[in-house]
Amino acid sequence: MTDLSHLRSDFPILQREINGYPLTYLDSAATTQKPEQVIEAIDTYYRMYNANVHRGAYTIATEATDAYEAARAKVADFIGARTEELVFTRGTTSALNFIAYGWGLDNLHEGDKVVLTMMEHHSNIVPWQIISRHTGCELVYLPIDEGFEVDLTDLESVIDDRVKVITVSAMSNVTGALGPVAALVEAGRAVGAIIVLDGAQFVPHMPTDVTELGADFLAFSAHKMLGPTGIGALWGRPELLEAMEPTEGGGEMISDVQLYDSRWAPVPHKFEAGTPPIAQAIGFGTAVDYLSKIGMTDVRDHEKAITAYALERLAAVPDLEVFGPRDVERRGGAVSFQLGDIHAHDIATIVDQYGVAVRAGHHCAKPLMRHLAVPATARASFYVYNTNEDVDRLVAALEQARDVFGLT
Amino acid sequence: MTSLDELYREVILDHYRNPRHRGSLSGPHIHAEGQNPSCGDEFFLDLIIEDGIVKDVAINGQGCSISQASGSMMADKIVGMSVEDVRDVAHKFKTMMTIEEGENPVDPDRPGSVLGDLEALQGVRKFPVRIKCADLAWTTLQDALAQSD
């Protein structure tokens, strides 16, 4: 097993005690904790060179601009992309909205199909529903099979030349299942559809190379990969970004403004209207530096090992059912489960008394929850700073939950 | 007693596992629905009110033990009561949970004397994020009563 336990001291929050127990943070699929390096980079910006980016002629404005653009280069490099293909957004949700509005409104028409999967997060469903109302395009969902993976059995009957977009989560935030990216890229290419990847759960945990993935768009968030909230990224093929309309207009995104018309700034700036989240971008850049220093192969290996350990320990808890693939090669580190007749919120409250932070609810994936026929699940999710001891603490706390509810 | 034992009193787990008046009513009745969108809890309430008296009640929905037990205990409590008394109980309950203004009506020296089993839900107050769970059924009830006006 790749031992990353030395990293824990980089994360100040892990020193905290909750209800007299050490914080056992198992909610990284929702947001990750931040290392000292990221906190310090943001702090230094505000203390030393806080200024608005672009156009500033003075020293600290230049420093801020350089740092902001350097962060773009780092994030682009992290996913094997060129700097000018990387748009900073508010996060995955806003990146997916930019695609749905910016590409969808112009290119989708009545009779066209957008193919999604039943394991999508609301952020990759609702924007397409809105675009469907505007354009009359049809949404078609690929089902989930008994192994909690996207069911491709009927793919051939779904994919035809009416399909203009295939949009899929590269890794489910509920089941941890990897999305069938390669198969959908191939299917999409055959009919000329664009492929959109929701990478919110994938990019933080897997070595990512946009060329290898072969998709047209990739969306992800900084705060799920050790960076701050309020920033994420949209990567797109340059020719698509060139042709795509900006969703937001304003300052920073223009090259010229007349009374009745304007011309846009070059990509990526035409998608970054208004003052961007500068400190957040700098923090994002530092976060990918941190991850690159560990090495994403080691990050993935560590998570496979801890997920395997968690699945093994959880399988031994009586009355516990895991909703997700068993094979760690086919999944990430978000583990959803149900424990007897104890509602997920009750589980979360009880384990919190032992310092264990897990998420409970529908995880912004209500269609998937309905498909699994559960109103809510509890979810433990892992990242670089988690250890097998964290899993042991979770399992011990779950035993307490069984005890409170009188399960024997 | 630990906070957890206070939260998950036996009577609460009993109502969670064996909810009273669960189902729906046929014939003319008042129907109200409550939801906590952040956690997905749902509560459905059917009421028959005749001559100012709650003649029958049925509850349905899904959610955590607190939300469902609170609804079951509420249904048990209000059957046969006058609408006026039901409003009073709802207010007392919400005051006990510090959701509505007022002094806690519960008498610590005589547990159960004011709100009966419902007083077992007081343990929820130590878990502020869960108060909305206990509250769901009662807000739905208040909606239903508003319909009857």
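Guide: The part to look at lies in chain B, which holds five helices and three strands; this is a predicted model, and what follows should be read with that in mind. Read from the N terminus, the elements of chain B follow the order α-α-β-β-β-α-α-α. For its 149 residues the globule rule gives 15 Å, and the radius of gyration of chain B is 14 Å, close to that value, so chain B is as compact as a globular protein of that length. The C-alpha trace of chain B extends over about 45 × 30 × 25 Å along its principal axes, and 38% of the 149 residues count as buried. If one takes the contacts in chain B between residues at least 6 apart in sequence, 63% of them join residues at least 24 apart.

Within this chain, the pair to examine is helix α4 of chain B, residues 83-96, and helix α5 of chain B, residues 131-148, whose axes come within 10 Å and cross at roughly 150°. Angles over 145 degrees count as roughly antiparallel, and α4(B) and α5(B) are therefore roughly antiparallel to each other. The crossing in which α4(B) passes α5(B) is left-handed. On the α4(B) side the residues that meet the partner helix are Val83(B), Val86(B), Arg87(B), Ala90(B), Phe93(B) and Lys94(B), while α5(B) brings Asp135(B), Trp138(B), Leu141(B), Gln142(B), Leu145(B) and Ser148(B) to the contact. Sorted by class, this contact has seven nonpolar, two polar and three charged residues; Arg87(B) and Lys94(B) in α4(B) and Asp135(B) in α5(B) are the charged ones.

A helix pair in chain A can be set beside this one. Helix α3 of chain A, residues 92-107, packs with helix α4 of chain A, residues 126-135, at an angle of about 20°, and their axes are 9 Å apart. Angles under 35 degrees count as roughly parallel, and α3(A) and α4(A) are therefore roughly parallel to each other, with α3(A) passing α4(A) in a right-handed crossing. Here Leu96(A), Asn97(A), Ala100(A), Tyr101(A), Gly104(A) and Leu105(A) of α3(A) meet Pro127(A), Trp128(A), Ile131(A), His134(A) and Thr135(A) of α4(A), and these residues divide into seven nonpolar, four polar and no charged.

The C-alpha trace of chain A spans about 75 × 55 × 35 Å along its principal axes, and 52% of the 408 residues of chain A count as buried. Of the contacts in chain A with a separation of 6 or more, 72% are accounted for by residues 24 or more positions apart.

It remains to say how the two chains meet. Their contact takes 13 residues from chain B and 14 residues from chain A. On the side of chain B that touches chain A, the elements that give two or more residues are α1 (3-7) and α2 (10-17) of chain B, and the residues of that side divide into six nonpolar, five polar and two charged.

Terms used. Residues numbered from 1 in each chain as written. Chains lettered and ligands numbered in written order. Predicted model: local features only at pLDDT ≥ 70, side-chain atom pairs only at ≥ 80, totals over all residues. Contact = placed C-beta atoms within 7 Å. Helix = DSSP H or I, 4+ residues; strand = E, 2+ residues; numbered from the N terminus. Buried ≥ 20, exposed ≤ 12 C-beta atoms within 10 Å, placed from the backbone. Rg over C-alpha atoms; globule rule 2.2 N^0.38 Å. Axes fitted to C-alpha atoms, helices over the stretch in contact; angles between N-to-C directions. Parallel < 35°, antiparallel > 145°, perpendicular 65-115°, else oblique. Left-handed = near helix turned anticlockwise from the far one by under 90°.
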